[in-house]
Amino acid sequence: AMSALTVAKHRSNLEKLRAETEEGITALEVSYDELDPEEVASDVGAGEDEGGSEGDLTRFERDRIRARIGEERAFLELIDAAMERTKTKKWKNCTRCGEPIGDARLEALPATDLCVTCKANRGAW
């Protein structure tokens, strides 16, 4: 049988998730900086005569990376909020219906604050 999820274990899961997320953001920022449109444009050369699609692709890729960075930063806020909840007695309970989230779900998704039912009913989140 799985042992009950302790607050200490949950906090350590959250810290690990936070470190992984921060590493991911750093990697995305590096990719973003490497895709400098000025540099790419100078590498293209003849491409400009063919409609300059290379520059558009770079812009698209940079926008995509910027969006991902935004999502990851938002996720950091969820992790921090989950960490704040560990200071309360209700850290294992759904913030919407108050029912237990379930240890297995919290182990798999440490940043979640919803039970599986509320998550399904909420749609995207």
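**Exercise 1. Find what covers the buried residues of H1**.

Solution. Start with the cover: H3 and helix H4 (103-108) are among what lies over the buried residues of H1, with contact meaning heavy atoms within 4.5 Å. Helices here are DSSP runs (H or I, at least four residues), numbered from the N terminus. Next, list the buried residues of H1: His10, Asn13, Leu14, Leu17, Thr21, Ile25, Leu28 and Tyr32. Buried means under 20% relative accessible area, with a 1.4 Å probe and protein chains only.

A word on the source: this is a predicted model, where local features need pLDDT of at least 70 and side-chain atom pairs count only at pLDDT 80 or more, while totals for chains, interfaces and linings use all residues. Residues are numbered from 1 along each chain as its sequence is written, and side-chain values use heavy atoms, leaving out hydrogens and water.

**Exercise 2. Work out why Tyr32 counts as buried, and which residues Tyr32 touches**.

Solution. Tyr32 counts as buried because its relative accessibility is 15%. Then look for partners: leaving out residues up to four places away in sequence, Tyr32 touches Arg62, Ile65 and Arg66.

**Exercise 3. Check the span of helix H3 (residues 53-85)**.

Solution. The expected span is 1.5 Å times one less than the number of residues. For the 33 residues of H3 that gives 48 Å, and the end C-alpha atoms are 48 Å apart, so the two agree.

Methods:
Helix = DSSP H or I, 4+ residues; strand = E, 2+ residues; numbered from the N terminus. Buried < 20%, exposed > 50% of the residue type's maximum accessible area, 1.4 Å probe, protein only.
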